[in-house]
Amino acid sequence: MDSQCSSSVGSRTTIGGVGNINSTPISARIESYEGGEKKCISDVRRTFCLFVTFDLLFVTLLWIIELNVNGGIQEQLKKEVLAYDYHKSFFDIFLLAVFRFAALILAYAVCKLRHWWAIAITTAITTGFLIVKVVLSKLLSQGAFGYLLPIVSFILAWIETWLLDFKVLPQEAGDEIRYLSVQNALDREPLLHPGPITDGQFYSPPESMAAKVFV
């Protein structure tokens with residue numbers, strides 16, 4: 001009889017576990033996706049915004065180093081900003097980085113845009129401006145920074161394009177599709193689930209008199 005009771009308890013535990021397995025995963029998944037939807041910004045988009053900020057800071061650092069190397073920051077600021085010369089100044093490359101930062105942060109962090117047109121505009125303007133400046137200006141005759149600043153600005157702009165087009169937008173679209181599929185699966189579930197299994201549904205038959213005689 002003890003073995004029968006233990007087997008009944010084990011079967012009850014197994015059936016209860018099956019019920020939990022059938023009901024828990026979908027609810028857990030829907031809660032996780034709802035938590036992701038409540039975030040102000042996704043993780044991959046936050047990484048993209050951090051890289052855009054790094055773009056601005058790195059170009060700014062290179063420009064400050066260039067000012068300091070060529071004779072002091074104050075004197076070079078007067079030459080490159082107050083007496084701006086398109087053919088010799090690096091100030092416009094710094095402004096180009098500021099433009100990329102402001103446009104991309106506004107589009108993809110503030111407005112949470114889910115399209116590539118903003119990054120396409122900034123990358124096209126950056127590429128066209130840098131090509132024209134390198135061809136027409138005299139930056140290449142001003143030492144290492146004449147090569148470094150245009151090349152770094154060009155590469156960072158295209159890395160931002162690659163990050164958004166191949167990482168941010170596809171991953172966010174995939175997360176949204178999975179979220180909708182889980183919601184649809186949850187909606188298709190029956191509204192009334194079977195109640196918990198009680199101890200009265202599992203019992204052992206009373207021990208017969210014949211069994212007692214033979215014992």
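**Helix packing in a predicted model**

Helix H2 (residues 43–69) and helix H3 (residues 73–82) pack at an angle of about 110 degrees, and their axes are 7 Å apart. H2 is therefore roughly perpendicular to H3, a word used for angles of 65 to 115 degrees, while those under 35 count as roughly parallel, those over 145 as roughly antiparallel and the rest as oblique. The axes are lines fitted to C-alpha atoms, for helices over the stretch in contact, and the angles run from 0 to 180 degrees between N-to-C directions. Helices (H or I, at least four residues) and strands (E, at least two) are DSSP runs numbered from the N terminus.

This is a predicted model, in which local features need pLDDT of at least 70 and side-chain atom pairs count only at pLDDT 80 or more, whereas totals for chains, interfaces and linings use all residues. Residues are numbered from 1 along each chain as its sequence is written, and side-chain values use heavy atoms, with hydrogens and water left out.

Where H2 meets H3, Trp-63, Ile-64, Glu-66, Leu-67 and Asn-68 in H2 are in contact with Ile-73, Gln-76, Leu-77, Glu-80 and Val-81 in H3; contact means heavy atoms within 4.5 Å. Six of the residues in this contact are nonpolar, two are polar and two are charged. Here Ala, Val, Leu, Ile, Met, Phe, Trp, Tyr, Cys and Pro count as nonpolar, Asp, Glu, Lys and Arg as charged, and the others, Gly among them, as polar.

H2 itself has 27 residues and reaches 39 Å from its first C-alpha to its last, close to the 39 Å expected at 1.5 Å a residue. The expected span is 1.5 Å times one less than the number of residues. After H2 comes Gly-71, with a positive phi near 125 degrees.

Arg-45 is also in H2. Arg-45 counts as buried because its relative accessibility is 3%; buried means under 20% relative accessible area, exposed over 50% and partly exposed in between (1.4 Å probe, protein chains only). Beyond its neighbours within four places in sequence, Arg-45 has contacts that include Tyr-108, Lys-112, Arg-114 and Glu-172.

Next come H4 and H5. The axes of helix H4 (residues 91–110) and helix H5 (residues 117–136) come within 9 Å and cross at roughly 175 degrees, so H4 is roughly antiparallel to H5. Among the residues that meet are Leu-96, Phe-99 and Arg-100 in H4, and Thr-122, Ile-125 and Phe-129 in H5. This contact divides into 13 nonpolar, two polar and three charged residues.
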